[in-house]
Amino acid sequence: MRISAHMVCSAVRDDIVSGVFPPGARLTEELLARRYGVSRVPVREALRTLESEGFVVSRRHAGACVAQPTEQEAADLLDIRALLEPLGTARAARRRTEAQLRVLRGLVRLGLQRAESGRLSDLGALEDWYHETLARASGSPSLASLLTQLRRKINWVYAAEPPLRAVAVWREHGAVVDAVARGDAERARALASEHVERSVAVRREQRPVAARDGRRKVPVRRTKHAVNTPCDNP
């Protein structure tokens, strides 16, 4: 089966977000081609896409490297989320389909069950599914794409929210979905704003884990196929 550049891009992005390739690590075409079992052509295309998304930078004499966002850039991500997520939620209240509503209700029910029973390992995937479904329900592909990309970058730059908030988070999601189901755009926007404010407050108390810190060196990590060597600091 031919592996597309899109599939390679998703795989590299997932490895960056999960920390397999840490901030500042060099991403050689040869290493990535061996790791994912592809030629260099889809790897090259994937790196161009990831550079446009801000996950990768190209440096003279070093090639492609995992980006190292500054703390200000990390903080900007939270500000942008506070602007876009309520907008997307309000649009979802006006434009969602019945199928999307059923998925949202099912995710809230499942997420709350997992949170209340302390089964937290599944919540990250359920959160991603919930937010991507809500973004698509906005009926705006451009906005949905921005929201999905923004969430990926926040998950990369910041650590996960404390598990003690898991039940509260899913109850907030449930209230948002109820407003979306009623078609109450203003209520949905207000609830989304409150949810984002709480989440952002928690994130701001954390030091961004992927942000650049001149006092630290990028670790050299061994993967299955090669050693992750650091790029020179910008």
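Colleague: Which residue is the bridge partner of Val56 in β2?

Modeller: That's Val66. Strands here are DSSP runs of E, at least two residues long, and helices are runs of H or I of at least four, all numbered from the N terminus. Before we go on: this is a predicted model, where local features need pLDDT of at least 70, side-chain atom pairs count only at pLDDT 80 or more, and totals for chains, interfaces and linings use all residues. Residues are numbered from 1 along each chain as its sequence is written, and side-chain values use heavy atoms, leaving out hydrogens and water.

Colleague: In what sense do β1 and β2 pair?

Modeller: Pairing takes at least two DSSP bridges between two strands. Here β1 (residues 56-59) and β2 (residues 63-66) run antiparallel, with 4 bridges.

Colleague: How many residues does the largest nonpolar core have?

Modeller: A core is a set of buried Ala, Val, Leu, Ile, Met, Phe, Trp, Tyr and Cys residues joined through side-chain atoms within 4.5 Å. Buried means under 20% relative accessible area, exposed over 50%, partly exposed in between, using a 1.4 Å probe and protein chains only. The largest core has 31 residues, and Val56 and Leu32 are among those with the most contacts inside it.

Colleague: What does Leu32 touch?

Modeller: Contact means heavy atoms within 4.5 Å. Skipping residues up to four places away in sequence, Leu32 touches Val12, Phe21, Leu27, Val43 and Leu47.

Colleague: And Arg13, buried or exposed?

Modeller: Arg13, in helix α1, counts as buried because its relative accessibility is 6%. Beyond neighbours within four places in sequence, Arg13 contacts Leu50, Glu53, Phe55 and Arg152.
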